[in-house]
Amino acid sequence: MKIAVISDKASLNGSINNCLSHVKTLLIIEMNDDPESAKILKSYSHSFEKDYARIAVSENCEAMICGVLSASAYAILADRQITRYDGSGMTVFESIQKMQHYSLNCFNSHDYLTDEKKHTCRCD
């Protein structure tokens, strides 16, 4: 299985932040049923979350784990039936473990930012 994870760095120890301004890296991870098998195949750095969604589609990922999602990124992923998981506040590895144990929350259509230019956290 291939999954996409938006993290602050290209590592399984990277953090999944709920703040779009801290989004730095998209990891493409391959794994089987055991989270210990997870390995990073590729990493990407882009400016816009929509780019990450498009890459997840082009890489044939089955799921994306991230913090918040913009409406446009959500639509790109939902259109291709890529499952969207909320990994906010976890490391990449922790979120993969929870996903494999069916204890990671999925995004529904109300869990994304409606305006990509809004910055709702106080991280600056």
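Select helix H1, residues 49–58, in this predicted model. Now show the axes of H1 and E2.

Five of them, 5 strands in total, form an open sheet. Read across the sheet, the order is E3-E2-E1-E4-E5, with mixed pairing. Go to the edges: strand E3 covers 39–44 and strand E5 covers 83–86. Each of these edge strands pairs on one side only. Neighbouring strands in the sheet are turned against each other by 25° on average, direction ignored. Strands of a sheet pair through backbone hydrogen bonds, either parallel or antiparallel.

Zoom in on E2, residues 25–30, and its partner E3. How many bridges join E2 to E3? There are 5, and the two strands run antiparallel. Pick isoleucine 29 here; opposite stands isoleucine 40 in E3.

Move to the side chains. Select arginine 84 and tyrosine 74. The charged end of arginine 84 sits over the tyrosine 74 ring, 4.6 Å from the ring centre. Searching for aromatic pairs gives a count of 0.

Finish with cysteines. Select cysteine 61: is this residue buried or exposed? Cysteine 61 counts as buried, because its relative accessibility of 6% is under the 20% cut-off. Then select cysteine 106. Its relative accessible area is 43%, so cysteine 106 is partly exposed, between the 20% and 50% limits. A disulfide is a covalent bond between the sulfur atoms of two cysteines. With sulfur atoms required to lie within 2.5 Å, the structure has 0 disulfides.

Notes:
Residues numbered from 1 in each chain as written. Predicted model: local features only at pLDDT ≥ 70, side-chain atom pairs only at ≥ 80, totals over all residues. Heavy atoms only, no water. Buried < 20%, exposed > 50% of the residue type's maximum accessible area, 1.4 Å probe, protein only. Phe/Tyr/Trp six-rings, centres within 6.5 Å; stacked < 30°, edge-to-face > 60°. Lys NZ or Arg CZ within 6 Å of the ring centre and 35° of its normal. Pairing = 2+ DSSP bridges. Helix = DSSP H or I, 4+ residues; strand = E, 2+ residues; numbered from the N terminus. Axes fitted to C-alpha atoms, helices over the stretch in contact; angles between N-to-C directions. Contact = heavy atoms within 4.5 Å.
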